[in-house]
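Hi,

Here is the structure I promised to pass on to you. Have a look at it first, and then read my notes below.

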Amino acid sequence: IALLMRGGGAGRDPKLPTGADFVLQSADGPVDSKALRGKVLLVYFGYANCPDICPASLAAGGQALKALSSEERSRVKLIMISVDPERDTVKHLKEYTAFFHPEMIGVTGSVEAIEALAKAFGAGYSKQPKRDDGRYAVDHNTSTYVVGPDGKLANVLELGAPTDKIVSTVRKLL
């Protein structure tokens with residue numbers, strides 16, 4: 001698993017996240033952000049066992065993809081990066097993300113790669129202690145990170161952003 005840090009441009013606030021290039025695994029093989037240059041990436045950090053926040057965020061992303069024309073959609077990728085690589089297999093992620101939109105991609109990697117990538121995007125998460133039954137939750141932020149065709153972090157959309165805002169944000173970058 002590769003992770004390449006990317007610096008911000010001139011005049012950029014050094015406290016703001018910059019995002020990072022990545023190569024993570026999906027059920028259909030490696031997903032390399034550099035190979036996706038020219039596309040707008042909607043990057044979401046979540047996990048398949050999330051009871052509420054992830055389904056709401058991914059449903060909003062799926063609705064935004066549906067609102068785009070097929071030509072626009074061909075230039076956009078919605079990627080969920082698992083913050084629970086211990087439980088989220090690539091097969092499970094593919095099934096989970098397909099529920100929200102068939103073109104959504106679920107990816108995972110090593111715990112270390114996910115931690116470094118989340119930090120680069122400013123995405124916080126914390127695995128909670130296991131309960132008596134062995135289950136656990138992962139607390140995580142609710143942002144969707146918008147990466148422009150140039151590979152740079154262009155915008156951050158918060159949970160609850162309406163479909164038309166997501167679509168207009170994407171269209172400005174296409």
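In helix 5 (residues 163–173), the buried residues are Ile 166, Val 167, Thr 169 and Val 170. They line one face of the helix, because seen down the axis they fall within an arc of 160°. Asp 164 and Lys 172, on the other side of helix 5, are exposed. The buried residues of helix 5 pack against strand 4, helix 1, strand 5, strand 9 (144–147) and strand 10 (153–157).

A few terms before you go on. Buried means under 20% relative accessible area and exposed means over 50%, with partly exposed in between (1.4 Å probe, protein chains only). Helices (H or I, at least four residues) and strands (E, at least two) are DSSP runs, numbered from the N terminus. The arc is that of the directions from the helix axis to the C-beta atoms, and a contact means heavy atoms within 4.5 Å.

This is a predicted model, where local features need pLDDT of at least 70 and side-chain atom pairs count only at pLDDT 80 or more, while totals for chains, interfaces and linings use all residues. Residues are numbered from 1 along each chain as its sequence is written, and side-chain values use heavy atoms, with hydrogens and water left out. pLDDT is the predictor's confidence in each residue, from 0 to 100. The protein chain averages a pLDDT of 90, and 91% of the residues score at least 70. Be careful with residues 1–14, though: pLDDT stays under 50 there.

Now for helix 3 (residues 90–100), where Leu 93, Tyr 96, Thr 97 and Phe 100 are buried. These four sit on the same side of helix 3, because they cover an arc of only 90° around the axis. Lys 91 and Phe 99 are exposed, on the face turned away from that buried side. What do the buried residues of helix 3 pack against? Their partners are helix 1 (53–67), strand 5 (76–82) and strand 6 (105–107).

Six of its seven residues are buried, so strand 5 is largely enclosed by the rest of the structure. Strand 4 (residues 40–46) runs parallel to strand 5, joined to it by seven bridges; one of the pairs is Val 43 with Ile 79. Strand 5 also pairs with strand 6, again in the parallel sense, over three bridges, and here Ile 81 has Val 107 as its bridge partner. Two strands pair if DSSP finds at least two bridges between them.

Ser 82 lies in strand 5 and is buried, with a relative accessible area of 0%. Leaving out residues up to four places away in sequence, Ser 82 touches several others, including Gly 46, Leu 93 and Val 107.

Finally, the cysteines. A disulfide is a covalent bond between the sulfur atoms of two cysteines. The rule used here is a pair of cysteine sulfur atoms within 2.5 Å, and by this rule the count comes to zero. Cys 50 is buried at 7% relative accessible area, and Cys 54 is buried at 0%. Pro 51, in the loop between strand 4 and helix 1, is exposed at 67% relative accessibility.

Cheers
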